[in-house]
Amino acid sequence: MTGPVDEHPPDGVEQPRRSGLRDPAKAVRGLGAGTLALEALVLLLAIQPIRVVGGDLSGAAVAAIVALAVACVVVAGQMKRAWAWNAGTVLQGLLLLSGLLHWSLFALGVIFALVWAYALHVRRVILR
């Protein structure tokens, strides 16, 4: 049997990082920015296939897609700010709402809302 475990290391002994990452906050910001950048790219690349396969994509729907993609890029660039995670969550809700303009936008909204929820989970676990 071993003795009691000392939870506080002696002075001068560095405690190992829990996540194993050099800079966990930077890694999490990269995850959020990468997720939003990928979302912007997918949204822009989805315009033409939706128009060809999905039927009538109105001008309002195309404008909503472009506006959401631009907003994703802007928020991705601001991930150092505390409000950026909340803004990213709002963007997922707006994408889901844009499903009222075309059903395929709702499908993309569900997919990216799940990806964003996972990114938020990873953020919570790593930054505990």
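Predicted model: local features only at pLDDT ≥ 70, side-chain atom pairs only at ≥ 80, totals over all residues.
Local features are reported at pLDDT of at least 70 and side-chain atom pairs at pLDDT 80 or more, while totals for chains, interfaces and linings use all residues. Residues are numbered from 1 along each chain as its sequence is written, and side-chain values use heavy atoms, without hydrogens and water.

**View 1. Helix H1 packs against helix H3.** Helices here are DSSP runs (H or I, at least four residues) numbered from the N terminus. H1 covers residues 24-53 and H3 covers residues 83-97; their axes lie 11 Å apart at an angle of about 25°. Axes are lines fitted to C-alpha atoms over the stretch in contact, and angles run from 0 to 180 degrees between N-to-C directions. H1 is therefore roughly parallel to H3 (angles under 35 degrees count as roughly parallel, and those over 145 as roughly antiparallel). Their crossing is left-handed, that is, the near helix is turned anticlockwise from the far one by less than a right angle. Val28, Arg29, Gly32, Leu36, Glu39 and Leu43 of H1 are in contact with H3 through Trp85, Gly88, Leu91, Gln92 and Leu95 (contact means heavy atoms within 4.5 Å).

**View 2. Helix H1 crosses helix H2.** The axes of H1 and H2 (residues 59-77) come within 8 Å and cross at roughly 160°, so H1 is roughly antiparallel to H2. This crossing is also left-handed. From H1, the residues that meet H2 include Ala33, Leu36, Ala40, Leu43 and Ile47, and their partners in H2 include Ile65, Leu68, Cys72 and Val75. The contact holds 16 nonpolar residues, no polar residues and one charged residue.

**View 3. The largest nonpolar core contains 27 residues.** Such a core is a set of buried Ala, Val, Leu, Ile, Met, Phe, Trp, Tyr and Cys residues joined through side-chain atoms within 4.5 Å; buried means under 20% relative accessible area (1.4 Å probe, protein chains only). Leu36, Leu43, Val75 and Met79 touch the most other members. H1, H2, H3 and helix H4 (103-126) each give two or more residues, and H1 gives the largest share, eight residues.

**View 4. Thr35 is a buried residue of helix H1.** Its relative accessible area is 8%. Beyond residues up to four places away in sequence, Thr35 touches Val115, Trp116 and Ala119.

Methods: Parallel < 35°, antiparallel > 145°, perpendicular 65-115°, else oblique. Nonpolar A, V, L, I, M, F, W, Y, C, P; charged D, E, K, R; others polar. Buried < 20%, exposed > 50% of the residue type's maximum accessible area, 1.4 Å probe, protein only.
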